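Please look over the sequence and the model below.

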Amino acid sequence: MIKLENVNKFFGDLHVLKDVNLEVAEGEKLVIIGPSGSGKSTTVRCMNFLEEPTSGHVYIDGEELTNHNKTKVVRQTTSMVFQQFNLYPHMSVLRNLTLAPMKLHHKSRKEAEELAYHYLDVVGLRDKAHAYPTTLSGGQQQRIAIARALCAETKIILFDEPTSALDPETIQEVLDVMIRLAKENITMVVVTHEMGFARQVADRIVFMADGQIIEEGKPEHFFVSPENERVKQFLGKIIR
Amino acid sequence: MAELFEASAWEKVWTYRDTFLLGLGNTVETALLGLLLAFVLGAVFGLMATSGVKALKAISRIYVEIIQNTPLLLQLCFLYYAIAFAGASLGILYTGVLSLGIYHGAYVAEVIRAGIEAIPKGQFEAARSQGFGYAGTMLYIILPQSIKIILPPMVNQVVNLIKNTSCLYIVGGADLISLTYSFVTGANTGGAYAPAYIVSGVMFFVICFPLSTLASRWEGSLKKRESRVAAAPKTSAEARRGAAV
């Protein structure tokens with residue numbers, strides 16, 4: 001479904017991704033963990049070309065992403081949930097959810113609104129349809145952002161630290177929605193520091209450090225018997 | 001200033017009222033066409049400046065810097081005499097439209113650039129992640145948010161452009177200021193300085209004052225809106241980050 005092949009990324013002189021190779025199968029839930037600055041976010045952002053790799057190839061559903069086709073391919077295949085939600089503040093929640101379906105996926109207003117209400121039910125915020133994003137709590141905004149991603153009905157949803165900007169007490173409501181989503185056949189790539197979530201939903205966990213994947217495996221292997229010293233250290237610090 | 005209190009001076013202005021109205025008409029015509037050009041140039045160069053394409057950014061920068069750092073009068077004379085020496089004639093109306101349009105276009109470009117750059121990067125990224133192209137991103141997501149930031153300084157540009165029609169005097173224009181000057185220095189009409197300039201000033205004021213009032217109203221309501229948004233509940237994570245900075 002997603003394939004990164006020898007992906008390198010430089011920001012100026014900074015080598016943030018070093019020859020990253022990664023494949024994500026259809027329906028797989030992949031969780032990327034690692035210390036900050038390790039290239040996790042850059043990796044997922046390469047998957048929808050928010051960052052264009054300096055070298056290497058990105059394939060989505062067998063088609064190579066290029067600067068030329070990215071808008072079309074991304075529109076049809078991927079959605080993204082951001083750390084800072086990035087809802088459109090000048091639109092109501094309903095309009096946030098119906099904009100892309102109506103303008104990009106050629107749905108009628110009626111179809112788009114039905115879709116929007118359906119996914120508002122999924123995230124439990126139907127009653128906020130006519131509210132404006134800035135009047136909602138962080139947790140609610142992120143659940144709306146997830147509903148917005150779902151409205152595109154793409155096979156892939158990328159999550160870039162979806163709970164890192166949230167109050168501790170609203171993190172769980174967002175994670176609960178994501179855990180429910182994980183039961184669907186959606187391909188999910190999640191960058192997170194939530195180890196409980198990783199353990200519960202991940203089919204596979206990838207650990208990144210210094211722009212490289214240094215260990216990957218199933219959660220049971222990962223949390224019980226990590227091989228790499230960096231991973232042991234990291235998990236030792238983060239899991240109490 | 002003695003003629004300020006002479007009925008005959010005011011009578012003279014009244015007798016020649018058509019001169020003032022003609023000047024006003026010319027000023028308004030020049031200003032409207034000039035504005036049209038300024039908006040077009042401003043939109044094109046403002047979008048170029050925010051396109052992220054280096055060459056386009058550079059072209060936009062050069063235009064803005066040259067225009068903003070030389071006097072309008074110089075640009076006006078240059079345009080007028082350059083065209084005259086080239087053997088062509090634009091006529092005074094189009095010379096005015098062209099020079100005012102190019103001059104204010106540079107300022108409008110900066111207003112639009114600043115309006116677009118004020119929108120957080122996350123908005124562009126959200127739009128791109130949904131599969132919006134450049135036009136869709138601008139049309140549905142960025143410009144509707146920028147417009148509130150752009151409007152007040154844009155209206156100031158409109159007011160400045162209207163007032164700057166007075167520069168046409170230097171190349172023998174037929175705008176309100178030029179005709180007022182011809183009137184007060186004319187062989188048959190001369191002398192009524194104070195009444196003539198007061199009438200002319202009132203005409204400018206009547207057009208410009210409502211516009212600037214509108215602009216400051218907009219600015220006021222924008223600030224109010226901003227403070228409401230800022231007062232909206234922040235996550236404590238955001239608050240912590242804010243405190244750390």
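Helices (H or I, at least four residues) and strands (E, at least two) are DSSP runs, numbered from the N terminus. Two strands pair if DSSP finds at least two bridges between them. This is a predicted model, in which local features need pLDDT of at least 70, side-chain atom pairs count only at pLDDT 80 or more, and totals for chains, interfaces and linings use all residues. Residues are numbered from 1 along each chain as its sequence is written, and chains are lettered from A and ligands numbered from 1 in the order in which they are written.

Six strands of chain A form an open sheet with mixed pairing, in the order S6-S7-S8-S3-S9-S10. Its edge strands are S6 (78-81) and S10 (212-217) of chain A, each of which pairs on one side only. On average, neighbouring strands of this sheet are turned by 20° against each other, direction ignored; axes are lines fitted to C-alpha atoms, for helices over the stretch in contact, and angles run from 0 to 180 degrees between N-to-C directions.

Within this sheet, strand S3 (residues 29-33) and strand S8 (residues 187-191) of chain A pair in the parallel sense over four bridges. A:Leu30 has A:Val189 in S8(A) as its bridge partner.

Another open sheet, of four strands with antiparallel pairing, has the order S2-S1-S4-S5 in chain A. Strands S2 (14-24) and S5 (63-64) of chain A are at the edges with a single partner strand each, so one side of each is left without a neighbour in the sheet. Strand S4 (residues 55-60) of chain A pairs with S5(A) in the antiparallel sense over two bridges, and A:Ile60 stands opposite A:Glu63 in S5(A).
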